[in-house]
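I open the notebook on a new model. The entries below record what I looked up, item by item.

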Amino acid sequence: QVQLVESGGGLVQVGGSLRLSCAASGSIFSRNAMGWYRQAPGKQRELVATITSGGSTNYADSVKGRFTISRNNANNTVYLQMNSLKPEDTAVYYCNVRWFWFATYDYWGQGTQVTVSS
């Protein structure tokens, strides 16, 4: 069983910063991708950023230059540093870990609320 526990969300003013953390535990394949997705009210869940166990990153265009994803492979933790936050960044942010080993394994955290006030 795999569990993902997010922390670090909250309320911040426009232009502020927040750092999200997500700790994954359980039976996790060493070659995996971890990432952050978000869902705003009335919208579909969208990719924010992902990072592989080898360090390759991918960002949504809307966050490039403002958000930075990183990870610690030793303890299966992924971070999202969010700077220059905008009201449109307001959403529930979900942590994800995914890998393929004869089948696709896909796990999600419970989500953490990020609210950017103007």
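Predicted model: local features only at pLDDT ≥ 70, side-chain atom pairs only at ≥ 80, totals over all residues.

**Entry: S84.** S84 is partly exposed, because its relative accessible area is 41%, and buried would need under 20% and exposed over 50%. I placed S84 in the loop between β8 and β9. Then I read its backbone. Phi of S84 is near 50°, which is a positive value in a residue other than glycine.

**Entry: F102.** I checked F102 for phi as well. Its phi is near 70°, again positive in a residue other than glycine. F102 sits in the loop between β9 and β10. Its relative accessible area is 72%, so I list F102 as exposed.

Entry: W101 belongs to the loop between β9 (91-100) and β10 (104-108). Is W101 buried or partly exposed? I get a relative accessible area of 48%, so W101 is partly exposed. Next I looked for nonpolar side chains that gather on the surface. W101, F102 and Y105 form such a patch. Together they have about 390 Å² of accessible area. I also followed the rings here. F29, W101 and F102 make one aromatic cluster.

**Entry: aromatic pairs.** How many aromatic pairs does the whole structure hold? My search returned 5. I wrote down the geometry of one of them, Y37 with W108. The centres are 5.0 Å apart and the planes make an angle of 65°. The pair is edge-to-face, because planes over 60 degrees apart count as such. I then asked where the two rings sit in the chain. Y37 lies in strand β4 (residues 33-39) and W108 in strand β10. The pair therefore ties together parts that are 71 residues apart in sequence. I compared the exposure of the partners. Y37 is buried at 11% relative accessible area, whereas W108 is partly exposed at 32%.

**Entry: R45 over two rings.** I looked for charges over ring faces. R45 lies over the face of Y94, at 3.7 Å from the ring centre. R45 also lies over the face of W108, at 4.6 Å from the ring centre. W108 thus turns up in this entry and in the edge-to-face pair with Y37.

**Entry: salt bridges.** I searched the whole structure and found 5 salt bridges. I logged several of them.

- D106 and R98 meet through their side chains at 2.9 Å, N to O. D106 is partly exposed at 35% relative accessibility. R98 is partly exposed as well, at 30%.
- Salt bridges with shared partners join R38, E46, R66 and D89 into one network.
- E46 bridges to R38, and their closest N and O atoms are 2.7 Å apart. E46 is partly exposed at 37% relative accessibility. R38 is buried, with a relative accessible area of 5%.
- K64 and D61 form a salt bridge at 3.1 Å, N to O. Both partners are exposed.

I set the exposure of these bridges side by side. K64 and D61 are both exposed.

**Entry: the disulfide.** How many disulfides does a search of the whole structure find? I found 1. C22 and C95 form it, with their sulfur atoms 2.0 Å apart. C22 is in strand β3 (residues 18-26) and C95 in strand β9, so I looked at the separation: the pair links distant parts of the chain, 73 residues apart. I read the torsion about the S-S bond next. It is about -85°, so the disulfide is left-handed. Then I checked the burial of each cysteine. C22 is buried, with a relative accessible area of 0%. C95 is buried, also at 0%.

**Entry: L80.** I returned to strand β8 (residues 77-82), where L80 is found. L80 counts as buried, because its relative accessibility is 0%. I took one distance from here. L80 and F100 are 20 residues apart along the chain, and their C-alpha atoms are separated by 23 Å.

Terms used. Residues numbered from 1 in each chain as written. Heavy atoms only, no water. Patch = residues over 30% accessible without salt bridge, like charges linked within 9 Å, V, L, I, M, F, W, Y side chains within 5 Å. Areas by Shrake-Rupley, 256 points an atom, 1.4 Å probe, with all protein chains shown as cover. Salt bridge = Lys/Arg side-chain N within 4 Å of Asp/Glu carboxyl O. Helix = DSSP H or I, 4+ residues; strand = E, 2+ residues; numbered from the N terminus. Buried < 20%, exposed > 50% of the residue type's maximum accessible area, 1.4 Å probe, protein only. Disulfide = S-S within 2.5 Å. Phe/Tyr/Trp six-rings, centres within 6.5 Å; stacked < 30°, edge-to-face > 60°. Lys NZ or Arg CZ within 6 Å of the ring centre and 35° of its normal.
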